[in-house]
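Hi there,

I am passing a structure on to you, and I hope you enjoy looking around in it. Please open it first, and then read my notes below.

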Amino acid sequence: MRDALPQTIHLQDYKVSPFLIDKTDLVFDLGEDHSRVTATLSVRRNPDSDEPSADLVLHGSEGLDLQSVQVDGVNLKEGAYTRDSESLTISGLGDSATIITEVLIQPQLNTTMMGLYRSRTMYCTQCEAEGFRDITYYLDRPDVMSEFTSKVIADKVLYPVLLSNGNPIASGDLDGGRHFVTWHDPFKKPAYLFALVAGTLAVVEDSFTTMSGRDIKLQIFVEEKDLDKCDHAMLSLKNSMRWDEKTYGREYDLDIFMIVAVDDFNMGAMENKGLNIFNTSAVLANPKTTTDAAFQRVEGIVAHEYFHNWSGNRVTCRDWFQLSLKEGFTVYRDSQFSADMNSATVKRIEDATYLRTHQFAEDGGPMSHPVQPDSYMEINNFYTLTVYEKGAEVVGMYHSLLGDELFRKATDLYFDRHDGQAVTIEEFVKAMEDVSGRDFTQFRRWYKQSGTPHLKVSSHYDAADKTLTLDFAQSCPATPGQPQKQAFVVPVKLGLVGRSGDLPLNANGDTEMVYEVTETNQQLVIENIHEAPVPSLLRGLSAPVKLDYPYSSEQLAHLMANDSDGFNRWDAGQKLSFSLLEKLTDDSLHQRPLVMDKQLVDAYDSLLSDASLDPAMVDLMLQLPSEAQLHEEAHIIHVDAIHSARKFVRKALAETLSDKFLAVYQRHNIEQVYAPEAEQIGRRSLKNVALSYLMLIDNIGVDLAWKQFQSADNMTDKAAALSCLVNCPAAAVQSAAALAEFEEQYREEGLVMNLWLQIQAINSQSGGLKRVEALLEHSAFTMRNPNKIRSLIGAFCSANPVNFHSADGSGYQFLQEHILALHSQNPQVAARLVTPLTRWKKFPEPNRQQMRDALQRIADEPDLVKDIYEIATKSL
Ligand code: B3K
Ligand code: ZN
C-alpha cells in the first residue's frame with residue numbers, strides 16, 4: 001500500500017552497494033501459524049564504494065516481524081538500529097561484520113505470490129525481482145551476489161520434500177515429527193535467484209551426461225496425480241541441455257537440476273539456480289489433456305529457464321535496468337532452440353506475428369519504453385514485450401550483422417569474460433564489438449530509443465542501365481518522453497524476385513544480402529539486374545520495424561508464389577489480406593456493400609489445391625491477420641467494422657472454396673499415434689483451420705465439428721472442435737452439449753478447465769459479458785489463481801474485442817471492478833489486466849471516453865498499489 005506517491009527510480013542514479021554479502025546462511029523453520037527465518041550474513045564494505053562510512057541499509061517489507069538483530073554476536077537493542085516499512089538500518093559498522101536477523105513471516109496469508117507463499121498444500125518462493133525482501137532483511141539487489149546455504153525445517157508428514165538451490169549437504173529428523181534438509185549452492189548468486197519448496201511431491205527422475213562427462217540428476221517434482229504429465233518437459237530439458245552445449249558451448253554446472261510445478265504462479269516459470277519453479281501450465285503435458293500449442297509452450301519455457309543458467313545466472317544483471325541483458329538474450333536463445341527443434345520458418349512467423357501484434361502495440365502506446373528503460377516506479381511492470389521480445393530482436397540483429405561464427409565468438413567472450421559477474425548491457429555490446437572490430441555506437445540506439453521505426457522503401461528499375469535503385473527512408477514516431485529520434489542501424493535482409501525466382505545480386509551469384517540502412521535517407525543501387533524484379537524486403541523480419549513499400553496486389557501474388565524466402569511468401573499473403581481487410585473495414589464503416597477480392601480467392605484456391613505444400617505453411621498462409629493485429633495497424637480502431645470485414649472475408653472464402661476446404665480437412669483428418677512434433681502439429685492445425693472455415697457454411701461444419709469433438713483422441717482436436725461449436729450461431733444445441741460433456745469429463749483437471757473457461761471467454765457471439773459473469777461463479781473459477789484469472793477475465797478483455805468493447809461500456813466497467821477487487825491481493829496479476837484500457841486513445845467515441853473513465857476510476861482508488869498506479873497514471 002502507498003503512504004506517499006511512489007518514487008521513480010532512475011538508471012542514472014545507480015551506485016554500487018556500500019556493502020557486499022560474501023556468505024548467506026538461512027534457516028527456515030516452517031510452521032502453520034508463522035515461519036521463522038534466521039539469516040546469518042557475512043557482510044563487508046565494498047572496496048568499490050565511494051561511501052566508506054555508509055550505514056548498512058537492508059531491504060525489507062511490511063510483512064517482516066523482526067524478532068532480533070545481532071552484530072558480531074551481540075544482540076542489538078531496539079534503538080541501536082532503525083527500521084521502517086521498507087528497510088532495516090544498522091550504523092557504525094567496521095570493515096566487516098556478521099549480522100544475524102530473525103524474523104517471523106506468514107506465508108500462508110501471502111496472496112501476492114511474491115516472496116515465500118503457499119500454493120495449495122506446498123510452500124514455494126518467487127523472488128525476482130524484489131521478493132526476497134518479503135522473506136528476510138537483505139541487500140536485495142542483483143549486484144550483491146552471495147554464496148547461500150539454506151536449512152529448511154518442517155513437519156515431516158506434511159512436507160516430506162524440502163528443496164532449495166544447489167546440492168543437499170545434510171538432512172535428518174528432529175523432535176516433534178519435524179525434519180530438515182540443508183542445501184548449499186557453491187555458485188554466488190543474487191537473492192532474486194533464491195528458491196525454496198516444501199511439500200508432498202512426487203518426482204520423475206532422469207539423468208543427463210554433459211559434454212565433459214559429468215552425470216547430472218534431473219528431477220521434476222509434481223503432485224502425484226500429475227506424474228503422467230512430465231515426459232515432455234523432461235525430454236525438452238534434455239534437448240535444451242544438449243542444444244546449449246552444441247550451439248553455445250554451455251555446460252550445466254551443478255550436480256542436480258530440479259523443476260517444481262506449482263498451481264498458483266504469477267507468470268510462466270522462474271529460473272532459480274538449480275531449482276526452477278514452474279507454473280503447472282508451463283510444465284505439465286499429456287496428449288489427452290494438452291493442446292499442441294501448450295506442448296510447444298512447455299518446450300519453449302523449459303528451454304528458456306534452463307538457458308538462463310548461463311544467460312542470467314552465471315552472468316547476471318547489475319541492476320534491473322539491464323533486464324533485457326538476460327531476458328532479451330534468453331528469449332533469443334529459446335527461439336533459436338524452438339526453431340531447431342521444429343520448423344524454423346514456422347517459428348519465425350509465429351514470433352514475428354506476436355511481435356507485430358503485441359510489442360508494436362506496446363511501443364505505440366502510453367507505456368512505450370526503450371529495451372533499456374531509464375526509469376521505473378515498479379520494476380515488475382517492466383517485464384514487458386519490449387524488454388523480452390524486442391530485446392530478443394536486437395540480439396538477433398547482432399547475429400545477422402556478425403554472421404554465425406563471429407556471433408558465437410562474441411557470446412563465448414561475453415560468457416567467459418563475465419562469468420560470476422553482475423554486468424550491464426554495455427558489456428554485451430562490448431563483446432560484440434571486440435570480436436568483430438565493429439563500432440556499435442549507433443546500433444546502441446536500439447536500447448535507448450523507444451517506438452517502432454518505419455522504413456519506407458521505393459524502387460526504380462532502369463531497363464536501359466539494368467540497374468535497380470532502392471530508396472530507403474527511416475523515421476520513428478514520437479513516444480512518451482522522446483519527441484525526436486535519431487536514425488537506427490536497420491539491417492535489411494533482401495532479395496530480388498524475377499519472373500522465375502531470385503535474381504543474382506552480384507558477380508558471385510549471391511541472391512540475398514543484408515543491407516544496413518543507417519541514415520535517415522539512403523540509396524542502394526544494384527547493377528546487372530536483367531529484368532524488372534519485385535523486391536523481397538526485410539526477409540524474416542530482419543529488423544523490428546514497420547515496412548512500407550508500395551506493392552501492387554499482382555506483385556504480392558508474385559512474391560507469394562515465387563519468393564525463395566518462406567517467411568516473405570507468407571508475409572506477402574498477409575499484406576494482400578491486410579490491404580483488402582483495411583478497405584472492407586472502411587466500406588463497412590460507411591455502410592457500403594462489401595465485395596470480395598478475386599486475387600485473394602485465387603491465392604487461397606491455389607494454396608488449398610496444392611497437396612505438395614508443407615501443411616504448416618499452408619495453415620499459416622490461410623490465417624487472416626487477427627483482429628488484434630488489425631487493431632494494432634489501424635489508426636482508429638473501429639471494433640465492429642473490423643470484425644465484420646474479417647468475418648465477411650472468411651465467409652466469402654468458405655463459400656467459394658468449400659469443396660477445397662473440405663478436401664483439405666479430409667486429407668489431414670487421419671488416424672495416427674499422437675506426437676507433438678512439427679509435421680503432425682502442422683497437419684492438425686491446418687485441418688482445424690479448414691474446419692473453422694467450414695463452420696461458416698450452413699450444414700457442413702457443425703456435423704464435422706461435432707463428430708471431431710466426439711472422436712478426438714487428443715486435446716488439440718477436441719478443443720478446436722469445441723471452439724468451433726461454441727463460436728457457431730447454428731450450433732447452439734451442440735455447443736451446449738459439448739461444453740457440458742467436456743466439463744463432466746475434465747472436472748478434475750484444473751488446466752483443462754482453464755481451457756474450457758478460455759474458449760467461452762473468447763466466444764465472439766453477442767452476450768459475452770453475461771456468459772463471463774456466470775462463469776465467475778462456476779466452481780472451476782477462483783480469483784485466487786492467476787491462470788484462472790487470465791483464462792477468463794484476461795482472455796475476455798484482450799481477446800474478445802466485440803464483446804469487451806460493447807457500446808454500453810459494460811466491458812470496461814467489468815474490468816475496472818475486477819482490477820480493483822484484485823489489486824491489493826495480487827498487484828502483479830492485476831497490473832497486467834490494465835493493458836486493454838491503456839489503449840483508449842486509439843478508439844472512437846464513445847468507447848474512448850468510457851475507457852478513459854474506467855482508467856480514471858482505477859487511478860482514483862485510494863491506496864492503489866504502485867504497480868497499477870504507475871500504469872494508470874502514465875496512460876491517462
Ligand atoms: N525471470 C522470470 C520472470 C520474473 C518476473 C518477475 N515479475 C521468468 C523468465 O523470464 O524466465
Ligand atoms: Zn527469462
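What percentage of the 876 residues in the protein is buried? Buried residues make up 58% of them, where buried means under 20% relative accessible area, exposed over 50% and partly exposed in between, with a 1.4 Å probe and protein chains only.

Some notes on the source before you go on. This is a predicted model, in which local features need pLDDT of at least 70 and side-chain atom pairs count only at pLDDT 80 or more, while totals for chains, interfaces and linings use all residues. Residues are numbered from 1 along each chain as its sequence is written, chains are lettered from A and ligands numbered from 1 in the order in which they are written, and side-chain values use heavy atoms, leaving out hydrogens and water.

**The whole protein**

You will find 27 helices and 32 strands; these are DSSP runs numbered from the N terminus, helices being H or I with at least four residues and strands E with at least two. The radius of gyration, taken over C-alpha atoms, is 28 Å, close to the 29 Å of the globule rule for 876 residues, so the protein is as compact as a globular protein of that length. That rule is 2.2 Å times the number of residues to the power 0.38. Along the principal axes, the C-alpha atoms fill a box of roughly 85 × 65 × 60 Å.

**The zinc ion**

Which residues are the protein donors of the zinc ion (ligand 2)? They are His304 (NE2), His308 (NE2) and Glu327 (OE), at 1.9 to 2.1 Å from the ion. Donors are N, O and S atoms within 2.8 Å of the metal (3.2 Å for Na, K and Ca), and sites may look incomplete because water is not among the atoms. The spacing of the donor residues in sequence is H-x3-H-x18-E. Both His304 and His308 are buried.

**Aromatic rings**

There are 45 aromatic pairs in the structure. Rings of Phe, Tyr and Trp (its six-membered ring) pair if their centres lie within 6.5 Å; planes under 30 degrees apart count as stacked, over 60 as edge-to-face and the rest as tilted. One of the pairs is Phe132 with Phe194, edge-to-face at 5.4 Å centre to centre and 70 degrees between the planes. This pair links distant parts of the chain, 62 residues apart, and Phe132 and Phe194 are both buried. Why is the pair of Tyr376 and Phe382 tilted? The ring centres of Tyr376 and Phe382 are 6.2 Å apart and their planes are at 45 degrees, so the pair counts as tilted.

Happy exploring!
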